[in-house]
Amino acid sequence: MHIHHIGKENSILNKFLAEIRSVDIQKDSMRFRRNIERIGEVLGYELSKGLSFSSKEIKTPLGVKNIDVITNDVVLCSILRAGLPLHNGLLNYFDDAENAFISAYRHHPNNDAEFEIVVEYFASPSIEGKTLLLADPMLATGQSLVAVYEAILKYGTPKEIHVAAVIGSSEGVDLIKKHFPDNTHLWIADIDADLNEKGYIIPGLGDAGDLAFGTKM
């Protein structure tokens, strides 16, 4: 797997990361969603550099200009519900992409820290031979992404895979490296070192889904 840790270099991305982590600023759910969306735009711009391009003749009012444009057939797939703002940010740049949505959540059968990932819903166009862009804001244990990837493969094999995440843990990154193809690209804004006993990223930012859309039962 090719890992692109975008936050290692200073840029305007730092402002968005600081605000989604801040216990004061993240209380504004509208701003939290918008910052996740803006991070998606940054990640989309960076990953676009690694896609395939070919020259296209463009007619202007005053002449003709050859411009290299993306030729990939992109399917943008987000993990519900936390992935929606990130999806929107990516879609702002890949506005002609096909869209897919999949649900995945932690199920605690014994009401303790142990959990399993349940995947219940998948709506998607064909992904066979296409460029699959998987969006999940929090790459904590990595188990959700692995479960989603295995579920998606039942419906076709993509030509290439790009994973977009906002914050991940070192453990989560290591796990998906073991389960995704070697030529997969991970585009991630920032990576934290630790997980707590419940499998949440430390220092992280909390529950991205709750911060974006409110607490759930």
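**Notebook: helix packing and salt bridges**

I started with helix α2 (residues 29-48) and helix α3 (residues 84-93), which pack at an angle of about 45° with axes 7 Å apart. For the record, axes are lines fitted to C-alpha atoms, for helices over the stretch in contact, and angles run from 0 to 180 degrees between N-to-C directions. Helices (H or I, at least four residues) and strands (E, at least two) are DSSP runs, numbered from the N terminus.

This is a predicted model, where local features need pLDDT of at least 70, side-chain atom pairs count only at pLDDT 80 or more, and totals for chains, interfaces and linings use all residues. Residues are numbered from 1 along each chain as its sequence is written, and side-chain values use heavy atoms, with hydrogens and water left out.

**α2 against α3**

I noted α2 and α3 as oblique to each other. The scheme: angles under 35 degrees are roughly parallel, over 145 roughly antiparallel, 65 to 115 roughly perpendicular, and the rest oblique. I then looked up the hand, and α2 passes α3 in a right-handed crossing. A crossing is right-handed if the near helix is turned clockwise from the far one by less than a right angle, and left-handed if anticlockwise.

Which residues make the contact? From α2 I listed Arg33, Ile36, Glu37, Gly40, Glu41, Leu43, Gly44, Tyr45 and Leu47, and from α3 Pro85, Leu86, Asn88, Gly89, Leu90, Asn92 and Tyr93. Contact means heavy atoms within 4.5 Å. By class, the contact of α2 with α3 has eight nonpolar, five polar and three charged residues. Ala, Val, Leu, Ile, Met, Phe, Trp, Tyr, Cys and Pro count as nonpolar, Asp, Glu, Lys and Arg as charged, and the others, Gly among them, as polar.

**Asn35**

Still in helix α2, I checked Asn35. Is Asn35 buried or exposed? Asn35 has 1% relative accessibility, so I put it down as buried. The cut-offs are under 20% relative accessible area for buried, over 50% for exposed, and partly exposed in between (1.4 Å probe, protein chains only). Not counting residues up to four places away in sequence, Asn35 touches Phe16, Glu19 and Ile20.

**Salt bridges**

I searched the whole structure and got nine salt bridges, each a side-chain nitrogen of Lys or Arg within 4 Å of a carboxyl oxygen of Asp or Glu.

Arg21 and Asp192 meet at 3.0 Å, N to O. This pair links distant parts of the chain, with Arg21 in helix α1 (residues 13-21) and Asp192 in strand β10 (residues 185-192), 171 residues apart. Asp192 is buried, at 8% relative accessibility.

Arg34 is partly exposed at 37%, while Glu37 is buried at 18%.

Lys49 pairs with Glu46, closest N and O atoms 3.3 Å apart. I have Lys49 as exposed, at 52% relative accessibility.

Glu171 is in helix α5 (residues 170-179) and counts as partly exposed at 48%. Leaving aside neighbours within four places in sequence, I found Glu171 in contact with Ala140, Thr141 and Leu195.

Last, helix α4 (residues 143-152) and α5: their axes come within 9 Å and cross at roughly 20°. That makes α4 roughly parallel to α5. Gln143, Leu145, Val146, Tyr149 and Glu150 of α4 meet Leu175, Ile176 and His179 of α5.
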